[in-house]
Structure formats: structure tokens, C-alpha cells
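Please read it alongside the sequence and the model.

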Amino acid sequence: RSYVAPASRTQTLEAVADALWAFAQSADPASDAQFQFVKFFAQVASTPSQLDAIDALLTGDVELEGLTVDTDLRWELLFALVAGGRAGTAEIDAALAADATASGEQQAAHARAAIPTLEAKQSAWSSIVDEEGKPNAIIRATAAGFVTAHDPQLLAPFVETYFASLFPIWDSRSYHIAEELIEGLFPAVLADEHLRSAAQAWLDAHAEGAERVAPPALRRLVIEGLADVERALAAQAVD
């Protein structure tokens with residue numbers, strides 16, 4: 001998603017997902033390999049036929065010998081359908097009703113934030129940035145869902161919002177919560193020149209001698225995010 005050249009990324013991801021599904025079907029029944037192939041197939045499935053396979057696993061219309069679709073795997077399969085635009089709030093609410101636990105709440109927050117619409121992304125952002133008091137686990141789960149997008153451009157409108165929010169987050173939250181938000185919401189999946197330039201511009205604007213200098217700990221978080229983007233851009237260029 002980050003290192004492959006954008007021009008061939010969709011084709012590559014589709015091929016990877018098809019291979020993982022083929023491996024899952026041919027793996028030894030009840031083996032760890034079988035489980036891992038299914039788990040990671042769910043993370044990259046995006047085409048109609050791939051999402052059909054995910055849906056069939058979830059409903060039980062397709063069964064792999066030896067594979068137990070337990071509560072955790074059911075959430076992962078549902079998450080794939082949500083990210084692929086094949087399931088939404090109603091299905092998430094039903095899954096939460098069946099798993100009314102702290103873990104279920106985290107999984108539901110993760111899934112809601114992955115709904116591939118601008119409105120859902122904005123709601124996820126607001127729920128942890130504009131509202132205070134959420135548990136660390138919910139913040140982490142929501143942020144992970146927020147940065148999930150088959151089409152990374154869905155997060156492009158949040159680049160300016162992200163950098164404009166850094167000082168407000170830093171000033172209003174404990175260090176640990178601020179770190180969770182700043183690291184978790186960094187839209188690294190974009191991995192493009194616009195994000196690189198925005199990160200560098202923020203660092204330059206808040207370097208020594210600026211009207212407001214970024215604290216070293218905050219600056220480090222942004223530098224680490226920028227390094228991820230620069231690494232991705234270098235790999236894309238080679239690819």
C-alpha cells in the first residue's frame with residue numbers, strides 16, 4: 001500500500017489478495033498457516049469476488065475444513081466488508097450486540113472508523129479529537145480504522161486538519177493520549193508528495209526561532225511520520 005508505485009498498486013494488491021485466498025483454501029486444515037492466510041486475505045480483499053469470499057466465510061456459505069470462525073475472526077471478516085463498502089453501521093451494531101464486551105466496543109469503533117465515506121472519517125476524527133475522555137483502547141482502535149482506506153485519497157482532506165490540530169492536541173491531552181492521537185491519525189497511507197511537503201512545512205514553521213517552537217517530543221513524532229513517508233516515496237520511485 002505504501003511502497004509499490006501508485007500506477008501498479010491496485011493490480012498488485014488484487015494479485016496479493018487472490019494468492020492469499022488460494023493459499024488459504026489449499027492450506028492444511030486447522031493449521032496456523034490456514035488461519036494466517038485467511039486473516040491477511042481479509043486485510044487486503046477489495047474486489048467484488050474477493051469480498052464475496054469474505055462474505056461467504058462470515059455467513060458460513062463457504063467453509064474451510066478445520067477453520068474456526070470465532071468472534072475475533074468474525075470481526076476481522078466484517079471489518080473487511082466495511083472497508084470494502086459492503087457493510088456498514090447496521091452490521092456493525094448487530095456484531096456489537098452479539099459481542100457486548102470491552103473488546104467488542106473496540107472492534108466496533110475500529111469498524112465504524114473504516115467506513116469508506118468522508119462523513120464516517122470526519123465522525124471518527126471528531127469522536128477522538130474533538131471529544132475528550134475516550135479510553136486509550138478506543139482511541140487506538142478508532143485511529144486504526146480512520147487511516148484504513150482502499151482509496152488513500154479519502155484521507156487527503158485531513159492533511160491540513162491533522163497539522164492544524166497538533167498543538168491543540170498537545171496542549172489539551174496527557175502525553176500518552178497525545179502520542180496515541182498524533183501517531184495513530186498520521187495519514188501515512190497517502191504516502192505522497194503533498195503529505196511529505198505538509199509535514200516538512202510544519203516542522204520548518206515551528207523550528208528554533210519561530211513564533212511557537214514545537215516541543216522536542218512533539219517534533220520527534222512528526223519527524224518519525226515524515227520519515228515513513230520519505231521511505232515510501234523512495235521505494236515507489238525505485239518500483
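Predicted model: local features only at pLDDT ≥ 70, side-chain atom pairs only at ≥ 80, totals over all residues.

Leaving aside neighbours within four places in sequence, phenylalanine 146 is in contact with Ala113, Lys121, Ala124, Trp125, Leu155, Phe158 and Leu185.

The whole structure contains 9 aromatic pairs. One of them joins phenylalanine 146 to phenylalanine 158 in an edge-to-face arrangement, with 5.0 Å from centre to centre and 85° between the planes. Because phenylalanine 146 lies in helix α8 and phenylalanine 158 in helix α9, this pair ties together parts that are 12 residues apart in sequence. Phenylalanine 158 also counts as buried, at 4% relative accessibility. Ring pairs extend the arrangement to a cluster made up of Trp125, Phe146 and Phe158.

Another pair involves tryptophan 170 and tyrosine 175: the ring centres are 5.7 Å apart and the planes stand at 90°, so this pair is edge-to-face. Tryptophan 170 is buried, with a relative accessible area of 17%, whereas tyrosine 175 counts as partly exposed at 39% relative accessibility.

In soluble globular proteins, nonpolar side chains tend to be buried together. The largest nonpolar core in this model comprises 37 residues, and those with the most contacts inside it are Phe146, Tyr162, Phe163, Leu181, Ile182, Leu185 and Trp202. Helices α7 (118-129), α8, α9 (158-172), α10, α11 (193-205) and α12 each supply at least two residues of this core. The largest share, 8 residues, comes from α9.

Apart from this core lies another, of 33 residues, which includes Ala45, Ala53, Trp75 and Ala114.

## Pockets

The largest pocket has a volume of about 700 Å³. Its lining consists of 32 residues, and those nearest the centre are Phe79, His110, Ala144, Val147 and Thr148. By class, the lining of the largest pocket is made up of 18 nonpolar, 8 polar and 6 charged residues. At least two lining residues come from each of the helices α2 (32-44), α4 (71-83), α6 (102-114), α8 (136-146), α10 (175-185) and α12.

The second largest pocket holds about 300 Å³ of space. Among the 18 residues that line the second largest pocket, Arg9, Thr10, Leu13, His150 and Pro152 are the closest to its centre. Helix α1 (residues 6-26) gives the largest share of this lining, 5 residues. The lining of the second largest pocket has 8 nonpolar, 6 polar and 4 charged residues.

## Glutamine 236 and alanine 191

Glutamine 236 is found in helix α12, which spans residues 216-238. With a relative accessible area of 11%, glutamine 236 is buried. Not counting residues up to four places away in sequence, glutamine 236 touches Ser2, Tyr3, Val4, Ala5, Pro6, Arg9 and Ala191.

Alanine 191 lies in the loop between α10 and α11. Alanine 191 is buried, with a relative accessible area of 2%.

## Exposed loop positions

Alanine 30 likewise has a positive phi, of about 65°, without being a glycine. Alanine 30 is located in the loop between α1 and α2. At 56% relative accessibility, alanine 30 counts as exposed, because the cut-off for that class is over 50%.

Glycine 133 lies in the loop between α7 and α8. Glycine 133 is exposed, with a relative accessible area of 73%. In sequence, glycine 133 and arginine 173 are 40 residues apart, and their C-alpha atoms are 9.7 Å apart in space.

How values were computed:
Residues numbered from 1 in each chain as written. Heavy atoms only, no water. Helix = DSSP H or I, 4+ residues; strand = E, 2+ residues; numbered from the N terminus. Buried < 20%, exposed > 50% of the residue type's maximum accessible area, 1.4 Å probe, protein only. Contact = heavy atoms within 4.5 Å. 1 Å grid on protein atoms, 1.4 Å probe; cavity = no way out; pocket = protein on both sides within 12 Å on 5 of 7 lines; lining within 4 Å. Points joined across faces, edges and corners; volume = space filled by probe spheres on them. Nonpolar A, V, L, I, M, F, W, Y, C, P; charged D, E, K, R; others polar. Core = buried A, V, L, I, M, F, W, Y, C linked by side-chain atoms within 4.5 Å. Phe/Tyr/Trp six-rings, centres within 6.5 Å; stacked < 30°, edge-to-face > 60°.
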